[in-house]
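The following note sets out numbered comments on the model shown below. Each point takes up one region or one aspect of the assembly.

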Amino acid sequence: MEAERIEMLTKRIIPCLDVKNGEVVKGICFKQLKGVGDPPKLAKAYQDQTADEIVFLDITASLDNRDTMLEVVQRTAETLFIPLTVGGGIRSFTDVRKTLSSGADKVSINTAAISKPKLITECAEAFGSQCIVVAIDAKRKGDSWEVYTHSGTKPTEIDAIEWSKEVCERGCGEILLTSMDADGTKMGYDIELTRTVVRSVNIPVIASGGCGKIEHIVDVLKNGEADAALAASIFHYGQHTVREVKEILMREGIPVRMEEGLR
Amino acid sequence: MKAVIVDYGIGNLHSIRKGLEKTGAKTEIVSDMNKLESADCIVFPGVGAFGEAMRKLEPIREIINGRLSSGIPVLGICLGMQILLEDSEESREKGLGFVKGRVKKFVADRVPQMGWNDAIFDSDEEIFKGVPSGTQFYFANSYVCFPEDGKVLSKSRYGEIDYASAIRKENVFGFQFHPEKSSIAGLKVLKNFVEIARGL
């Protein structure tokens with residue numbers, strides 16, 4: 001039913017570039033990093049494969065208190081004619097403005113949204129809700145999920161579902177939801193978490209964490225009811241192209257953008 | 001011809017500049033609104049909020065409307081399209097009112113509309129030359145235009161309403177989608193706009 005009501009909007013496939021020191025890396029449960037490429041090159045390659053959007057996360061910024069690598073953002077934005085979302089280390093209104101000025105179309109706020117929830121409201125009012133994404137890292141705790149900050153290292157005792165509703169009320173335009181339990185396992189997205197958040201809010205939800213094969217993407221879009229699926233390693237290591245993923249999704253009856261008749 | 005991109009003082013202007021330059025157009029980003037008086041092609045980009053943008057444009061409203069009526073090519077993208085209309089549910093500030101009609105908030109399960117949606121159009125429209133009807137463009141909007149004059153060039157559907165995703169009145173074009181973020185299809189539309197603009 002949920003999917004039927006918004007069927008004219010295609011489901012988005014979003015490769016994620018986790019970036020550290022200017023290089024794309026993919027963490028195994030946020031630890032043990034391995035270099036897999038140059039952000040602008042990789043982003044451009046994904047665009048050519050019909051990626052619907054690129055997410056660029058400076059995965060160490062919050063932790064190390066460093067500024068986002070705006071120069072790399074700029075070089076990446078330069079190669080793209082699809083939307084670019086940038087997150088990691090964005091702490092203030094000025095950081096949001098700077099990131100947008102460097103060529104990002106949307107910014108993703110995580111730790112700072114928790115410590116200063118007013119930041120969400122301020123940014124949404126100034127720049128428009130459509131460019132403010134709140135990233136939520138959630139980990140199962142009994143019957144619910146707890147929000148973590150600082151690249152998944154600090155528990156907050158905040159309930160992920162309640163937090164999702166709050167960011168929505170504060171004017172956030174989209175939620176980037178990562179299951180910390182699933183992330184890095186390649187065993188599939190956390191369907192229950194995703195569906196619970198999707199059904200609790202009235203803004204789009206991007207599911208993240210756990211993608212190891214195409215079937216996982218089908219699962220999270222159909223059963224998790226996500227509006228978009230984010231994945232990294234399945235694309236970075238050449239396991240599948242974005243186009244291959246979309247061909248399977250299309251066969252499964254999921255609406256996707258194929259760029260037919262344009263090339 | 002030089003496309004003058006209006007800087008409301010907020011948001012990302014690189015994308016639209018880059019998109020226009022890719023088609024071979026010259027561009028200039030201006031934050032001094034008085035410069036619009038001599039512009040021969042104006043682009044209102046799709047960044048920011050309605051109230052913020054109109055507060056910046058209000059002091060030179062008459063000059064801008066004079067330019068829009070003078071027949072120069074103009075492109076309004078997303079918010080830049082919405083400010084062409086009379087008013088918006090987003091803000092108390094009035095729009096430019098060059099196009100009659102209102103901007104209303106989407107009534108849908110998920111707002112904003114975020115992602116790639118179909119645009120349905122007549123294949124004879126020059127602005128869509130080389131692009132098949134039904135092609136997806138990138139949208140990121142909570143509000144949508146209900147124009148009462150001019151011509152609707154394309155329609156899209158979201159939350160069970162059909163709405164104008166592209167309009168034209170005289171030589172003023174408005175796109176609810178972001179051509180500069182719509183990959184190959186979007187670049188073709190921008191190229192078509194630049195070609196139409198050059199021929200005027």
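Two strands are taken to pair if DSSP finds at least two bridges between them. The comments below apply that criterion to a predicted model.

1. Strand 5 (residues 87–88) of chain B runs parallel to strand 7 (residues 101–105) of chain B, and two bridges join them. Here Ser88(B) stands opposite Val103(B) in strand 7. Strand 7 of chain B is in turn joined to strand 11 (residues 143–147) of chain B by five bridges, and this pair runs antiparallel. Gly101(B) and Pro147(B), the latter in strand 11, stand opposite each other.

2. The eight-stranded sheet of chain B. A further open sheet has eight strands in the order 2-1-3-4-14-13-12-9, again with mixed pairing. Its edges are formed by strand 2 (26–30) and strand 9 (120–121) of chain B; each has a single partner strand, so one side of each is left without a neighbour in the sheet. Strand 1 (residues 2–6) of chain B is parallel to strand 2 of chain B, with five bridges between them. Lys2(B) is placed opposite Lys26(B) of strand 2.

3. Helix 1 of chain B. Which residues of helix 1 (residues 14–22) of chain B are buried? They are Ser15(B), Ile16(B), Lys18(B), Gly19(B) and Leu20(B). Their cover includes strand 1, strand 2, strand 3 (42–44), strand 4 (74–77) and helix 5 (183–199) of chain B, together with helix 4 of chain A. Just after helix 1 of chain B, Gly24(B) adopts a positive phi of about 95 degrees.

4. Extent of the interface. Between the two chains, 46 residues of chain A are in contact with 40 residues of chain B. The area buried between chain A and chain B is about 3600 Å², and carbon and sulfur atoms give 55% of it. On the side of chain A, the residues that lose the most area to chain B are Leu9(A), Phe81(A) and Leu262(A), which together account for 23% of what that side buries.

5. Polar features and composition of the interface. Two salt bridges are counted between chain A and chain B, and 22 residue pairs are in polar contact. Asp227(A) forms a salt bridge with Arg110(B), with 3.9 Å between the closest N and O atoms. On the side of chain A that touches chain B, helix 1 (2–5), helix 4 (70–78), helix 5 (93–101), helix 7 (118–127) and helix 9 (191–200) of chain A each supply at least two residues. The residues of that side comprise 19 nonpolar, ten polar and 17 charged.

6. Pro83(A). This residue lies in the loop between helix 4 and strand 5 (84–87) of chain A. Is Pro83(A) buried or exposed? Its relative accessibility is 0%, so Pro83(A) counts as buried. Beyond residues up to four places away in sequence, Pro83(A) touches Asp52(A), Glu53(A), Ile54(A) and Asp105(A), as well as Trp116(B), Tyr138(B) and Lys181(B). The C-alpha atoms of Pro83(A) and Ala104(A) are 7.7 Å apart, although 21 residues separate the two along the chain.

7. Chain A contains twelve helices and twelve strands, and buried residues make up 60% of its 263 residues. Among the contacts in chain A with a separation of 6 or more, 66% are between residues 24 or more positions apart. Ser208(A) is found in strand 11 (residues 205–208) of chain A and is buried, with a relative accessible area of 8%. Its side chain makes a polar contact with the side chain of Thr178(A) at 3.1 Å. Leaving aside neighbours within four places in sequence, the residues in contact with Ser208(A) include Leu176(A), Leu177(A), Ser179(A), Tyr189(A) and Leu230(A).

Conventions
Residues are numbered from 1 along each chain as its sequence is written. Chains are lettered from A and ligands numbered from 1 in the order in which they are written. This is a predicted model: local features need pLDDT of at least 70, side-chain atom pairs count only at pLDDT 80 or more; totals for chains, interfaces and linings use all residues. Side-chain values use heavy atoms; hydrogens and water are left out. Helices (H or I, at least four residues) and strands (E, at least two) are DSSP runs, numbered from the N terminus. Contact means heavy atoms within 4.5 Å. Buried area is the accessible area (1.4 Å probe) that two parts lose on being put together, summed over both. A salt bridge is a side-chain nitrogen of Lys or Arg within 4 Å of a carboxyl oxygen of Asp or Glu. A polar contact is a pair of N or O atoms within 3.5 Å; within protein, one must be able to donate a hydrogen and the other to accept it, and residues adjacent in sequence count only if both atoms are side-chain atoms. Ala, Val, Leu, Ile, Met, Phe, Trp, Tyr, Cys and Pro count as nonpolar, Asp, Glu, Lys and Arg as charged, and the others, Gly among them, as polar. Buried means under 20% relative accessible area, exposed over 50%, partly exposed in between (1.4 Å probe, protein chains only).
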